[in-house]
Amino acid sequence: MHANHLLLEEPIRMASILEPSKASFFPAMTKIVGTLGPKSRSVEVISGCLKVGMSVARFDFSWGDPDYHQETLENLKAAVKSTKKLCAVMLDTVGAELQVVNKSEKSISLVADGFVVLTPNQEQEASSELLPINFNGLAKSVKKGDTIFVGQYLFTGSETTSVWLEVSEVKGDDVVCVIKNSATLAGALFTLHVSQIHIDMPTLSDKDKEVISTWGVKNKIDFLSLSYTRHAEDVRQARNHLSKLGDLHQTQIFAKIENVEGLNHFDEILQEADGIILSRGNLGIDLPPEKVFLFQKAAVYKCNMAGKPAVITRVVDSMTDNLRPTRAEATDVANAVLDGSDAILLGAETLRGLYPVETISIVGKICAEAEKVFNQDLYFKKTVKYVGEPMTHLESIASSAVRAAIKVKASVIICFTSSGRAARLIAKYRPTMPVLSVVIPRLKTNQLKWSFSGAFEARQSLVVRGLFPMLADPRHPAESTNATNESVLKVALDHGKASGVIKSHDRVVVCQKVGDASVVKIIELED
């Protein structure tokens, strides 16, 4: 929101822009969420995606049955094993999504200036004159002149696979619309979006609850992406549902803001949710186009100040069919990073796109370039000012660790944590160097058996900008006598050296608990 997020050394030599980027172990500090689907579900392709920087895999339950997604997930596990790269799992709910039901899966051609009827009678066949939908209350919700968009998977409003309708009249339960542009709808499922109208459907449908309690529990999902979040109450209800499902009480809820209703209640939603996904596809339809950027910047700023991950969607649509993004898209990705986004979410680009691996690779490269000119100094001051004084104990330790790391030009910050909270707070101050969060497992019991916590916490940092988790050996407690900490620190340093983040003579800032005290120390490595 505020002035100059860009750090350009004056005067910048234009020729320096063309110097090739140095390869690094971490493709970028900004994370990439990839949606796995028909074009990206083989072990081979998923391995490729992990190697070039995907750290969260999204499973979209708007289509495909649980068995199909399970198969994809088994392939993901195999890919994680072979590439040795951690990946978190995000389940995306259907939510209050209006859908056109096309049982025959035949293509439907709609011609501009013609009429088409939307009916809640799902027994009828979809055709160029009639589209059956999954909602009975549409006729009560809309009036003459309202705008309705229908599209395959998601709509941009420009492509020939999405159509723009205007309500002409309401006949009983049916809605008669004028077709505004010619288009062909292909496939079994099209989404329907009514601009700025409240749709009286539950945010967490019964089908969603069933998928979460079966597929979600079985696979211990790390994130729940709550589609069409409109109120803070939606998040509370989802949290209540998860709390009854064993391990899923640890699952983080990311509220997906898709319409004006979610925008109006943004502050309350942000307080309740663990993170925010700005679903720009639907927002771009609900908001006037000239307002989209402003909402993005304001929302990301609020997430940053709250220390909660902000995820941006719909960045390189054109890469669904092309090997290169457009100029506007490339700039858009960079701007999302400069705005302060934690992660970029790829939907159709990896789900049904022809170049899933290349898309992730290019997005990662753009993020890495933008990070080099991110004005960390300004951001740090702004965050400290926003947090105000007196700071909490943890917040003060986290900001001090980042400040120290920048002053001594440390190559990495190592943070020992068991809940992941300390590491996330360090990342909130956006250090210019990677944060290795060493998650120390805690032993817990339900009186019947022992188990270790830690895996959830490690994977959940895979969506936070600049955080790179590693699971420590359970024999090393997080707060303890110095001896054990030295040995676990050695493991972390070795990990850093092996991955090329730490070299000899580098300085490293370590943040850890010793007894009751939190300690930030600076160490210089010998040969």
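Q: Where does the model come from, and how are residues numbered?
A: The model is predicted, so local features need pLDDT of at least 70 and side-chain atom pairs count only at pLDDT 80 or more, while totals for chains, interfaces and linings use all residues. Residues are numbered from 1 along each chain as its sequence is written, and side-chain values use heavy atoms, with hydrogens and water left out.

Q: How many bridges join strand β1 to β2, and in which sense do the strands run?
A: Helices (H or I, at least four residues) and strands (E, at least two) are DSSP runs numbered from the N terminus. Two strands pair if DSSP finds at least two bridges between them. Here β1 (residues 31-35) and β2 run parallel, joined by 4 bridges. I32 has M54 in β2 as its bridge partner. Right-handed means that, with the strands pointing away from the viewer, the path from the first strand over the helix to the second runs clockwise.

Q: Which helix does the chain pass through from β2 to β3?
A: β2 and β3 (residues 88-92) are parallel and share 5 bridges. Within this pair, V56 stands opposite A88 in β3. The chain crosses from β2 to β3 through helix α3 (residues 66-83), and this β-α-β crossover is right-handed.

Q: Is strand β2 enclosed or open to the outside?
A: Buried means under 20% relative accessible area, exposed over 50%, and partly exposed in between, with a 1.4 Å probe and protein chains only. In β2 (residues 54-60), 7 of the 7 residues are buried, so the strand is largely enclosed by the rest of the structure. In a regular strand the side chains alternate between the two faces of the sheet.

Q: What is the strand order in the open sheet of 5 strands?
A: The order is β22-β19-β18-β23-β24, with mixed pairing. The edges are β22 (467-471) and β24 (517-524); each has a single partner strand, so one side of each is left without a neighbour in the sheet. From one strand to the next the twist averages 20°. For such angles, axes are lines fitted to C-alpha atoms, for helices over the stretch in contact, and angles run from 0 to 180 degrees between N-to-C directions. Inside the order, β18 (residues 412-417) and β23 (residues 507-514) pair in the parallel sense over 4 bridges. I413 has V509 in β23 as its bridge partner.

Q: Which residues does a cis peptide bond join?
A: Most residues other than glycine have a negative phi, and most peptide bonds are trans. A cis peptide bond joins E389 and P390, with omega about -10°. P390 lies in the loop between α14 (376-387) and α15 (393-407).

Q: What is the phi of K409, and what is the phi of H505?
A: K409 has a positive phi near 55° and is found in the loop between α15 and β18. At 73% relative accessibility K409 counts as exposed. H505 has a positive phi near 70° and is placed in the loop between α18 (482-498) and β23. H505 counts as exposed at 52% relative accessibility.

Q: How many salt bridges does the count come to?
A: A salt bridge is a side-chain nitrogen of Lys or Arg within 4 Å of a carboxyl oxygen of Asp or Glu. By this rule the count comes to 22 salt bridges. One of them joins D146 and K143 (3.2 Å, N to O). D146 is buried, at 9% relative accessibility, whereas K143 is exposed at 52%.

Q: Are K428 and E395 buried or exposed?
A: K428 forms a salt bridge with E395, the closest N and O atoms being 2.8 Å apart. K428 lies in helix α16 (residues 421-428) and E395 in helix α15, so the pair ties together parts that are 33 residues apart in sequence. Both K428 and E395 are buried.
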